[in-house]
Amino acid sequence: MLAGAPIGQAGDVSPRLREALAGADVVAAEDTRRLRRLAADLGVEITGRVVSYYDQNEAARAQELVEALKEGRTVVVITDAGMPGVSDPGYRLTSLAVEAGVQVTALPGPSAVTTALAVSGLASDRFCFEGFPPRKTGERDRRLGALAEEERTMVFFEAPHRLASSLEAMARAFGADRRAAVCRELTKTYEEVRRGGLGELAEWAAKGVKGEITIVVAGHVPGDAEQDVEELIAEVARRVAEGEQRSQAVAAVAKGAGMPRRELYDLVHRRTATP
């Protein structure tokens, strides 16, 4: 059984989770110490065997758990927060269990993905979950670049110390004005949802942010790119008309839009060149 764990408040758990933890033959936990604390908070006594099940031992432990399932034992998989398998251990075990013909069930619970989507204020009728952006700059830029025209709302996880750089990369890939929401410490005491354009959010995050982070980004609307370019060119023209040098105007507008200066300069040059 894949068991959803609370993402902040222990009171969010269901009676079924209490029953599952108390009655399981084996409980596989991402962090056994956090499991013990959760059980204590819930007033649940775990009588079954508790084993660790995290990224580094998932491949080896999954086979052991499948064998326990084949023997008819009840196995509950629980991560630190949210649903197992959603950017957390669980996928390998589920895949192996399905291949072995063992029944797999889920005990629904809180999820940072859907919670952030719900409070973001962005469209939630169609969305995609992209997990953690790659850590390496080049890989991250390529991944985000491939999503530039994704029309569904996008949900990402990110570590607090990489939040600013990821938001800057998103501003370059999607545009500084693309609407987004940074959800921090969801359901916890210091919950915060910061909404705005990606460029604005990147500046805010550069000051330092702590806690568990979920980012929600609005999808691309066909036609927006063309409209944005026209607005940028018009802004350059306005600055030049007021006496600012073209190169300075292009640099300022490009920086604000999160796009390469040379790209905007070429667009302006082609637009103003004599036929």
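This is a predicted model: local features need pLDDT of at least 70, side-chain atom pairs count only at pLDDT 80 or more; totals for chains, interfaces and linings use all residues.
## The parallel sheet

Alanine 3 has isoleucine 78, a residue of strand 4, as its bridge partner. Strand 1 (residues 2-3) and strand 4 (residues 75-78) pair in the parallel sense, and two bridges join them. The sheet that holds these strands is open and has five strands in the order 3-2-4-1-5, with parallel pairing. Its edges are formed by strand 3 (49-52) and strand 5 (106-107); each has a single partner strand, so one side of each is left without a neighbour in the sheet.

A helix accompanies this sheet. Helix 3 (residues 58-70) lies across strand 2 (26-29), strand 3 and strand 4, and it runs at about 155° to strand 3.

Strand 6 and strand 7 (residues 153-158) pair in the parallel sense over four bridges; here glycine 131 has phenylalanine 156 of strand 7 as its bridge partner.

## Strand 8 and its neighbours

Strand 8 pairs in the antiparallel sense with two strands: with strand 9 over six bridges, and with strand 10 over five bridges. Individual residues illustrate both pairings. Arginine 179 stands opposite glycine 197 in strand 9, while alanine 180 has valine 217 of strand 10 as its bridge partner. Is strand 8 largely enclosed or left open by the rest of the structure? It is largely enclosed, because five of its six residues are buried.

The loop between strand 8 and strand 9 contains glutamate 185 and threonine 187. Phi of glutamate 185 is near 55°, a positive value in a residue other than glycine. Phi of threonine 187 is likewise positive, near 70°, and threonine 187 is also a residue other than glycine. Glutamate 185 has a relative accessible area of 16%; buried means under 20%, so glutamate 185 counts as buried.

## A buried and a partly exposed residue

Threonine 214 lies in strand 10. Its relative accessible area is 4%, and threonine 214 is therefore classed as buried. Which residues are in contact with threonine 214, leaving aside its neighbours within four places in sequence? They are Ala112, Ala116, Val155, Phe156, Phe157, Ala181, Val182, Cys183 and Leu186.

Glycine 138 lies in helix 6 (residues 137-146). Glycine 138 is partly exposed, with a relative accessible area of 34%. The C-alpha atoms of glycine 138 and leucine 2 are separated by 35 Å, and the two residues are 136 residues apart along the chain.

## The annotated region

In an unreviewed entry, UniProt lists residues 2-202 as "domain: Tetrapyrrole methylase". Over residues 2-202 the chain is 39% helix and 19% strand. The end C-alpha atoms of this stretch are 35 Å apart.

Helix 10 (residues 246-257) has twelve residues and reaches 16 Å from its first C-alpha to its last, close to the 16 Å expected at 1.5 Å a residue. Its buried residues are Ala249, Val250, Val253, Ala254 and Ala257. Seen down the axis of helix 10, these residues fall within an arc of 120°, so they line one face of the helix. An α-helix has 3.6 residues a turn, so residues three or four places apart point the same way. On the other side of helix 10, Lys255 and Gly256 are exposed.

Helix 11 (residues 261-272) also has twelve residues, which should span 16 Å at 1.5 Å a residue; the end C-alpha atoms are 16 Å apart, in agreement with that value. Which residues of helix 11 are buried? They are Leu264, Leu267 and Val268. These residues cover an arc of only 95° around the axis, which puts them on the same side of helix 11.

Note on methods
Residues are numbered from 1 along each chain as its sequence is written. Side-chain values use heavy atoms; hydrogens and water are left out. The expected span of a helix is 1.5 Å times one less than its number of residues. Buried means under 20% relative accessible area, exposed over 50%, partly exposed in between (1.4 Å probe, protein chains only). The arc is that of the directions from the helix axis to the C-beta atoms. Two strands pair if DSSP finds at least two bridges between them. Contact means heavy atoms within 4.5 Å. Axes are lines fitted to C-alpha atoms, for helices over the stretch in contact, and angles run from 0 to 180 degrees between N-to-C directions. UniProt positions are given in the numbering used here, feature names are shortened, and annotations may be inferred rather than shown by experiment.
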